[in-house]
Amino acid sequence: QVQLVESGGGLVQVGGSLRLSCAASETFFSIVTMAWYRRAPGKQRELVAGITSGGSTNYADSVKGRFTISRVNAKNTVYLQMNTLKPEDTALYYCNAAGKTTPTSSLGVYWGQGTQVTVSS
């Protein structure tokens with residue numbers, strides 16, 4: 001069974017930092033991309049940052065220069081270092097992975113349960 005387990009969320013003051021982690025289960029044969037999305041209250045889910053297996057990254061304009069995504073392929077783990085946090089970063093953050101469970105399976109998209117990040121002013 002494919003699972004993505006997030007950790008690292010919490011309550012932090014404006015200007016503070018948090019590091020989110022997401023570990024994918026070993027049932028993956030290969031993971032093409034991993035990403036972080038977020039959903040703020042009353043808003044649609046949006047892409048925060050993504051990273052390919054080769055290390056290419058992309059970021060939402062709102063987090064460029066403040067957030068850094070990284071991954072350890074051997075551990076099927078992705079991280080999101082969040083610095084200089086703002087109240088508008090408050091959201092439920094979801095881990096996302098696109099990958100295969102076997103060499104011949106189709107590419108599947110998987111989601112974690114989410115971890116809450118709250119930035120207080």
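This is a predicted model: local features need pLDDT of at least 70, side-chain atom pairs count only at pLDDT 80 or more; totals for chains, interfaces and linings use all residues.
Strands here are DSSP runs of E that span at least two residues, numbered from the N terminus.

Now step back and take in the overall form. A compact globule with 121 residues would have a radius of gyration near 14 Å, and the protein agrees because its own value is 14 Å. As for the inside, 41% of the 121 residues count as buried. Take the contacts with a separation of 6 or more: 56% of them come from residues 24 or more positions apart.

What about the outside? The accessible surface is about 6400 Å², and carbon and sulfur atoms make up 49% of that. The protein carries 11 positive and 6 negative charges, and their mean positions lie 3 Å apart.

Let's zoom in on one stretch, strand β7, which covers residues 67-72. One of its faces is covered, with F67, I69 and R71 on it, while T68, S70 and V72 sit on the uncovered face. Its partner is β8, residues 77-82, and the two run antiparallel, paired over 6 bridges. If you'd like a spot to look for, find T68: its bridge partner in β8 is Q81.

How does the chain get from β7 to β8? The two strands form a hairpin, with 4 residues between them. In that turn, look for N76, which has a positive phi of about 50 degrees.

Technical notes. Residues are numbered from 1 along each chain as its sequence is written. Side-chain values use heavy atoms; hydrogens and water are left out. Buried means under 20% relative accessible area, exposed over 50%, partly exposed in between (1.4 Å probe, protein chains only). Two strands pair if DSSP finds at least two bridges between them. The radius of gyration is taken over C-alpha atoms; the globule rule is 2.2 Å times the number of residues to the power 0.38. Contact means heavy atoms within 4.5 Å. Accessible areas come from the Shrake-Rupley method with a 1.4 Å probe; for residues, only the protein chains shown count as cover. Lys and Arg count as positive and Asp and Glu as negative; His and the chain ends are not counted. The place of a charge is taken as NZ of Lys, CZ of Arg, CG of Asp or CD of Glu.
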